Amino acid sequence: MRGFRAAVCVVVLAASASAGEIPRAERRSGSDFMSRETRAMQDDDTANPGMLWVLEGESLWNKKTGDAGRACAECHGDARASMKGVAARHPAFDATRGRPVTLEQRVNVCRTERQKAPPLAYESRELLALTAYLARQSRGLPIDVATDQRTQPFLDAGRATFYRRQGQLNLACSQCHDDNWGRQLAGNVVPQAHPTGYPLYRLEWQSLGSLQRRLRNCLIGIRAEPYEYGAAELVDLELFLMWRARGMTFEAPAVRP
Amino acid sequence: MASALINVPPRAKRGEIIEIKTLISHPMETGYRRTQLGALVPRDIIRLFVCTYNGTEVFRAELHPAIAANPFIVFSTVATESGTLAFQWTGDRGFSETESVAITVD
Amino acid sequence: MSRNTSRREFLLTAGGAAAGIGLASVIAVEPVRATPATMQEAIRKVVGPARVNPGRVKLELPPLVENGNTVPLTVKVESPMTAADHVKALHLFNEKNPQPDVASFRFGPRAGRASVSTRIRLADTQTVIAVCELSDGSFWSASVNVVVTLAACLEDA
């Protein structure tokens with residue numbers, strides 16, 4: 001069983017002492033661990049499959065929707081200007097909800113409250129297209145989630161999840177991604193797990209997908225019960241991961257193996 | 001899905017060889033995958049891609065399930081005259097998609 | 001399970017069973033395989049009785065891929081691409097996917113260059129063969145062996 005074989009590999013690797021947070025100078029994006037060919041796929045907008053979703057997102061941005069008959073563009077204008085940097089700042093604190101929300105949740109807040117339209121389902125084609133289009137507007141900018149006393153408890157909860165052993169394999173995220181990044185796990189290189197390019201086109205999925213999809217897959221990989229899409233645990237973890245990647249260049253829509 | 005992403009130089013010199021990049025959204029379901037309950041997921045692929053230049057066919061690709069999802073095809077053609085490059089993808093379940101791009105040849 | 005069952009097939013089946021029924025995801029389990037013999041048959045079907053000479057075709061594939069779902073490939077033939085002397089077609093074959101055919105590309109003198117890039121799927125470490133047909137009726141081929149690594153962890157989207 002693949003999961004078991006992975007466990008044997010990691011138990012051997014994790015014999016070394018915990019390394020703690022990766023120093024800033026050593027922080028590397030997942031794209032640094034990819035082959036030249038996969039990197040080339042990401043860097044060329046005429047060849048990056050994620051761009052199919054970005055283009056659809058652009059047309060959805062301009063499409064009137066909901067009972068209010070409003071397009072995103074009506075309030076926000078040209079996304080190239082108004083949405084610049086937004087994806088690189090999410091998850092962001094939402095005062096009404098009293099907690100951080102992801103970009104996906106922010107889109108749905110606008111849809112339900114301003115456009116009077118039903119929320120888009122997680123991992124639906126439209127939500128992926130819109131978030132891909134928004135994320136594209138932050139490409140090249142540094143990741144910069146705000147941390148203050150309002151977001152601190154959620155950041156701490158996300159950090160606790162990252163360092164907590166989970167699942168039947170009893171592994172914490174940090175054991176692979178802090179302590180053993182750069183080494184091989186059954187033929188794949190273990191990346192540092194910085195969400196520098198979401199939503200991204202994953203070759204394994206043959207489709208674009210969100211960070212929460214990837215996190216759920218990792219949880220399944222260590223044989224833990226995956227949190228539901230939109231669960232507080234996942235949002236807090238997303239906030240922590242973005243904070244952990246602070247200052248790194250945003251490269252959405254990325255391509256990953 | 002924005003169905004297709006096509007990249008053609010908008011202008012070229014007569015006789016110049018131009019490179020055309022095409023990317024179309026399609027799952028290219030192989031017909032070999034099974035659901036958790038064992039049922040075969042039926043094949044659903046693009047089988048044929050044709051490029052015509054002012055109506056004359058200049059390139060054709062016959063595809064099988066081994067072509068990756070969201071088929072990406074890059075090929076060349078000689079810029080002979082101004083006009084329209086038309087691209088057509090056809091496949092299983094009556095799939096048919098056409099796109100056209102204008103080109104100016106000096 | 002016969003001794004010849006590949007380790008990947010066994011892992012996929014075991015993983016599928018362990019993941020349990022009731023999940024709506026799709027798993028890729030397929031014991032049907034092309035073999036070097038069926039690949040040769042597929043080439044024969046395209047080429048007929050003519051001899052296939054090694055050479056003239058350049059097949060570019062990464063020697064090691066991180067994921068077999070999307071493998072970038074470029075195949076080209078040096079040719080003047082005139083009406084008198086051009087590449088008529090380029091065919092791609094593999095030896096271990098469920099089917100040996102991958103794609104066929106048809107050219108004429110209007111192509112300018114006999115060169116195609118695309119992305120293919122490779123189910124396992126295997127050899128990919130490109131066969132080109134020239135306007136003079138001759139056939140040429142090139143082959144590349146590609147190592148395909150599988151994802152380390154089971155995902156279940």
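Trainee: Over how many bridges do strand E5 (residues 200–202) of chain A and E6(A) pair?

Mentor: This is a predicted model, in which local features need pLDDT of at least 70, side-chain atom pairs count only at pLDDT 80 or more, and totals for chains, interfaces and linings use all residues. Residues are numbered from 1 along each chain as its sequence is written, while chains are lettered from A and ligands numbered from 1 in the order in which they are written. Helices (H or I, at least four residues) and strands (E, at least two) are DSSP runs numbered from the N terminus, and two strands pair if DSSP finds at least two bridges between them. E5(A) and E6(A) pair in the antiparallel sense, and the number of bridges is 3.

Trainee: Which residue is the bridge partner of A:Leu200?

Mentor: A:Leu200 has its partner in E6(A). That partner is A:Gly209.

Trainee: Which strands stand at the edges of the open sheet of 3 strands in chain A?

Mentor: The sheet has the order E6-E5-E7, with mixed pairing. Each edge strand has a single partner strand, so one side of it is left without a neighbour in the sheet. The edge strands are E6 (207–209) and E7 (255–256) of chain A.

Trainee: What radius of gyration does chain A have?

Mentor: Chain A has 11 helices and 7 strands. The radius of gyration is taken over C-alpha atoms, and the globule rule is 2.2 Å times the number of residues to the power 0.38. For 257 residues the rule gives 18 Å, and the value for chain A is close to it, so chain A is as compact as a globular protein of that length. The radius of gyration of chain A is 18 Å.

Trainee: What percentage of the residues in chain C count as buried?

Mentor: A residue is buried if 20 or more other C-beta atoms lie within 10 Å of its own, exposed if 12 or fewer, and partly exposed in between, with C-beta atoms placed from the backbone. In chain A, buried residues make up 46% of 257. For the 157 residues of chain C, the figure is 38%.

Trainee: In chain C, what share of contacts between residues at least 6 apart in sequence joins residues at least 24 apart?

Mentor: Two residues are in contact if their C-beta atoms, placed from the backbone, lie within 7 Å. In chain A, 75% of the contacts with a separation of 6 or more are between residues 24 or more positions apart. In chain C, the share is 67%.

Trainee: Which strands are at the edges of the open sheet of 6 strands?

Mentor: Its order is E1(B)-E3(B)-E7(B)-E8(C)-E5(C)-E3(C), with antiparallel pairing. Each edge strand pairs on one side only, and these are E1 (4–7) of chain B and E3 (57–60) of chain C.

Trainee: In the hairpin of E8(B) and E9(B), which residue takes a positive phi?

Mentor: E8(B) and strand E9 (residues 96–105) of chain B pair in the antiparallel sense over 8 bridges. B:Leu85 stands opposite B:Val101 in E9(B). The hairpin has 4 residues between the strands, and the residue with a positive phi near 55 degrees is B:Arg93.
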